[in-house]
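Colleague: I'm new to this one. Can you walk me through the side-chain contacts?

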Amino acid sequence: MSINVTRTFLPPFDEYTTQLKRAWDKGWITNNGELVRELEQKLKEYLGVKHLLFCSNGTTALQIAIKALNITGEIITTPYSYVATTNAILWENCTPVFVDISNKDFCIDTKKIEGAITSGTQAILATHVYGLPCNIEEIQTIAGKYDLNVIYDGAHAFGCEYGGQSLLNYGDITICSFHGTKIFHTAEGGCIICRDETLYKKLFLIRSFGHSLDDYYYVGINAKNSELHAAMGLSVLPYVKKNIEKNRLLFYRYLKNLNDPFLQFLVPGEVFSYNYGYFPVVFESEEVLVKVKKKLEEEMIFPRRYFYPSLNTLPFLKDTNDCPVSESISRKVLCLPLYGQLTGDDVDRISSLVLKVIRK
Ligand SMILES: *Cc1c(COP(=O)(O)O)cnc(C)c1O
């Protein structure tokens, strides 16, 4: 059987249908129903956050975050993320200004942010890439000094904690993705998290066409999610902690197996609780990466080049700038398979195939 970079966790089927039946019995399948509200409540408790809105996906969550904060100009952002981060900026007719990443955690390099700020800068949109935290204190200081909004793309950060609280609890807004490939999922879905009550009310309206009954407030969109997706979330959530623990064991098994001076890894700091969602490996060169990928694919193992290409090199950008660190890392990084159903033997086999190629 083939092994992909990840595999969707499916809860026991009867647990899903038990949740679904609640929607059937009520004859209510969308529009802020009982299951959506229950999922939002449970997620708020699980994450310890004040306001959370369940959305149709992480990308629309990013778009309405930008819209609700009235951002229309330049947004300082990371070139090292999934393409949705940049697309949301472009889709909202804003201008992405790429600031290179740090070689240590692959998040935006805060030392380089101030040099990119102009009179048109309105916000910083940074990604906690692989669930590792950006330099939150430094970003907050810069945002305060220049009066900028801060949005975090926390699509990878479900279950990660920083500074004694959820990593999703920072900035003006943090979004998360609940896509089927993520550590907590609702098949398709995502959320917006914020602390400000007024902003929450605005986001609530914007998510649902911008009106409440006969009162019309904003240009809204439809970014709600359904009872069927909430049912999936309610049946997946009880398993998240167990799945993270399984990933943690596999993560450290890879790390131990692949102990080699020519490989670079991202290891979470000790004070930081992590979700072990990805296992990125940086090779010496793109040439080595291509060889490793080919070798694994011959064995029906399919790692992914997360994240490649560096987003500042996307072909449809009108105006861009160089980000040498991000460009270099994105050419050399490969995410090895990591998910709860993978066995220790799988990890050992994948590791020895990798080592065979790099030690040849
Ligand atoms: C998955 C992902 C998204 C998009 O989320 P969807 O729910 O698939 O729309 C956004 N940003 C990052 C960094 C992601 O990995």
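**Salt bridges, a helix and some rings**

Colleague: Let's start with charges. How many salt bridges are there?

Modeller: The count comes to 17 salt bridges. Keep in mind that this is a predicted model.

Colleague: Pick one. What does R22 meet in a salt bridge?

Modeller: R22 pairs with E34 through their side chains, with N to O at 2.9 Å. R22 belongs to helix 1 (residues 13-26) and E34 to helix 2 (residues 34-47), so this bridge ties together parts twelve residues apart in sequence.

Colleague: Is R22 buried, partly exposed or exposed, and what about E34?

Modeller: R22 is partly exposed, at a relative accessible area of 23%. E34 is partly exposed too, with 26%.

Colleague: Which salt bridge does E38 form?

Modeller: E38 bridges to K42, and their closest N and O atoms are 3.5 Å apart. Both sit in helix 2, four residues apart, which is about one turn of the helix.

Colleague: Which residues are linked with R22 in a network of salt bridges?

Modeller: The network links R22, K26, E34, E38 and K42.

Colleague: What about D109: buried or exposed?

Modeller: D109 is buried, with a relative accessible area of 9%. Its salt-bridge partner is K112, with the closest N and O atoms 3.5 Å apart. K112 counts as partly exposed, at 38% relative accessibility.

Colleague: New topic. Is helix 3 mostly covered or uncovered?

Modeller: Helix 3, residues 58-68, is mostly covered. Nine of its eleven residues are buried. Among them are L62, I64 and I66, along with Q63.

Colleague: What caps its N-terminal end?

Modeller: N57 does, with a side-chain oxygen 2.9 Å from the backbone nitrogen of T59. Just after helix 3 comes N70, which takes a positive phi of about 55°.

Colleague: On to rings. How many aromatic pairs does the structure hold?

Modeller: It holds 25 aromatic pairs. Take Y80 and F307: their ring centres are 5.9 Å apart and their planes are at 85°, so the pair is edge-to-face. Y80 and F307 are 227 residues apart, and the pair links distant parts of the chain.

Colleague: Where do those two lie?

Modeller: Y80 is in the loop between strand 3 (74-77) and helix 4 (83-91). F307 is in the loop between strand 15 (301-302) and helix 10 (324-332). Y80 is buried at 1% relative accessibility, and F307 is buried at 5%.

Colleague: Why is the pair of Y254 and F279 called stacked?

Modeller: Their planes are at 20°, with centres 4.7 Å apart, so that pair is stacked. Y254 lies in helix 8 (residues 240-257) and F279 in strand 14 (residues 279-282), so the contact ties together parts 25 residues apart in sequence. Y254 is buried, with a relative accessible area of 0%. F279 counts as buried at 1%.

Colleague: Which cluster do the ring pairs make there?

Modeller: Ring pairs link F251, Y252, Y254, F265, F272, Y274, Y276 and F279 into a cluster.

Colleague: Last one. What sits over the ring of Y308?

Modeller: The charged end of R305 does, 3.9 Å from the ring centre.

Technical notes. Residues are numbered from 1 along each chain as its sequence is written. This is a predicted model: local features need pLDDT of at least 70, side-chain atom pairs count only at pLDDT 80 or more; totals for chains, interfaces and linings use all residues. Side-chain values use heavy atoms; hydrogens and water are left out. A salt bridge is a side-chain nitrogen of Lys or Arg within 4 Å of a carboxyl oxygen of Asp or Glu. Buried means under 20% relative accessible area, exposed over 50%, partly exposed in between (1.4 Å probe, protein chains only). A polar contact is a pair of N or O atoms within 3.5 Å; within protein, one must be able to donate a hydrogen and the other to accept it, and residues adjacent in sequence count only if both atoms are side-chain atoms. Rings of Phe, Tyr and Trp (its six-membered ring) pair if their centres lie within 6.5 Å; planes under 30 degrees apart count as stacked, over 60 as edge-to-face and the rest as tilted. A charge sits over a ring if NZ of Lys or CZ of Arg is within 6 Å of the ring centre and within 35 degrees of the ring normal.
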